[in-house]
Amino acid sequence: MKNIFDKKISRRNFISSSAKIFAAYSTLDFFSNSVEAAGKNFFPESEPAKKIFEVQKFLTLEEMNIGRKNLQFAEMDLRFHTGAIVIHHSGLLLGDVDSKIEEIHRMHVERNHWSGIGYHFFIHKDGSVEYARPLEYQGAHTFKNNEFTVGICLAGNYQFGEPPTPQLQTAVQLIGALCDKYNFPPSDTTIFGHRDLGKTACPGKNLYALLPEIINSSQKVLDLK
């Protein structure tokens with residue numbers, strides 16, 4: 001019988017294989033070393049949770065009410081291909097609290113010495129969502145996998161707290177819109193938790209346990225097109 005880490009290993013192998021395919025197509029080295037975004041801690045797998053959260057209408061990115069703050073970035077590399085989405089939580093030590101996107105941006109610049117906030121989207125607990133790093137650029141959210149992924153961060157610490165339904169519904173809506181934009185289906189080979197790709201607890205055991213339901217609901221959103 002396979003142990004609980006078999007799925008994680010196969011997902012990592014898949015993302016590596018996908019990167020090689022993209023590299024062959026575009027002659028880009030998707031596995032060049034990055035100075036940004038390395039996970040540092042490892043926690044055991046979480047137990048699966050059951051929570052249903054569905055969205056009744058498909059919306060494109062342009063149709064979603066996505067806010068945008070005037071964040072300033074240093075030089076960044078363009079992202080030429082997109083084949084996967086990585087889910088994060090903000091995971092602040094303050095606890096399971098919401099955050100201002102400006103605070104995360106400043107922390108990533110001053111503490112991590114990155115070009116700016118590492119994620120492409122930031123979803124608040126009330127379900128509102130904001131653009132973070134410009135979508136056309138590589139993120140700084142998943143070490144060695146930034147060259148072909150979009151990073152979505154849900155505000156909160158979901159190693160301890162539970163993500164609220166409005167936040168999850170926005171995540172589902174956003175994933176559906178991104179999968180439509182980049183023409184790949186939501187599945188366990190295209191939608192990852194940060195911990196699938198690095199030694200980290202992110203996106204927290206409680207959010208990570210909901211990924212299968214998030215993926216399933218995102219496919220249902222696409223079916224509404």
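1. Basis of the model. This is a predicted model, in which local features need pLDDT of at least 70, side-chain atom pairs count only at pLDDT 80 or more, and totals for chains, interfaces and linings use all residues. Residues are numbered from 1 along each chain as its sequence is written, and side-chain values use heavy atoms, with hydrogens and water left out.

2. Confidence. The pLDDT, which is the predictor's confidence in each residue on a scale from 0 to 100, has a mean of 82 over the chain, and 77% of the residues reach 70 or more. Over residues 1–10 the pLDDT stays under 50, and the model has 8 contacts beyond four places in sequence for them, a contact being heavy atoms within 4.5 Å. The pLDDT is also below 50 over residues 19–50, a stretch with 69 contacts in the model beyond near neighbours in sequence. Where pLDDT is low, the predicted coordinates should not be read in detail.

3. Overall layout. The chain contains 5 helices and 6 strands, and along the sequence they come in the pattern α-β-β-α-β-β-β-α-β-α-α. Helices (H or I, at least four residues) and strands (E, at least two) are DSSP runs numbered from the N terminus. Among contacts with a separation of 6 or more, 78% are between residues 24 or more positions apart.

4. Surface and burial. Of the 225 residues, 53% count as buried, where buried means under 20% relative accessible area, exposed means over 50%, and partly exposed lies in between (1.4 Å probe, protein chains only). The accessible surface of the chain comes to about 11,300 Å², of which 53% belongs to carbon and sulfur atoms; such areas come from the Shrake-Rupley method with a 1.4 Å probe, and for residues only the protein chains shown count as cover.

5. The nonpolar cores. A nonpolar core is a set of buried Ala, Val, Leu, Ile, Met, Phe, Trp, Tyr and Cys residues joined through side-chain atoms within 4.5 Å, and the largest one here has 35 residues, with Ile85, Phe121, Ile152 and Leu174 making the most contacts inside it. At least two residues of this core come from each of E2 (84–89), E3 (121–123), E4 (129–131), E5 (149–154), H3 (165–182), H4 (205–208) and H5 (211–223), and H3 gives the most, with 8 residues. Leaving aside neighbours within four places in sequence, the residues in contact with isoleucine 85 include Val150, Ile152, Leu178 and Phe192. A second, separate core of 10 residues includes Leu92, Ile117, Tyr119 and Cys153. In soluble globular proteins, nonpolar side chains tend to be buried together.

6. Strand E5. Because 6 of the 6 residues of E5 are buried, this strand is largely enclosed by the rest of the structure. Thr149, Gly151 and Cys153 point one way from E5, while Val150, Ile152 and Leu154 point the other way. E5 runs parallel to E2, to which 6 bridges join it, and E5 also runs parallel to E3, with 3 bridges between them; two strands pair if DSSP finds at least two bridges between them. Isoleucine 87 stands opposite isoleucine 152 in E5, whereas isoleucine 123 stands opposite leucine 154 in E5.

7. The expected span of a helix is 1.5 Å times one less than its number of residues, so the 18 residues of H3 should span 26 Å, which agrees with end C-alpha atoms that are 26 Å apart. The buried residues of H3 include Leu168, Val172, Leu174 and Ile175. The 13 residues of H5 should span 18 Å, and its end C-alpha atoms are 18 Å apart, which agrees. Among the buried residues of H5 are Leu211, Ile214, Ile215 and Val221, and what covers the buried residues of H5 includes E2, H3, E6 and H4.

8. Backbone details to check. The peptide bond from cysteine 202 to proline 203 is cis, with omega near 10°, and proline 203 is in the loop between E6 (191–193) and H4. Histidine 113, in the loop between H2 (101–110) and E3, has a positive phi of about 60° although it is not a glycine, and at 63% relative accessibility histidine 113 counts as exposed. Lysine 144, in the loop between E4 and E5, has a positive phi near 70°, and at 34% relative accessibility lysine 144 counts as partly exposed.
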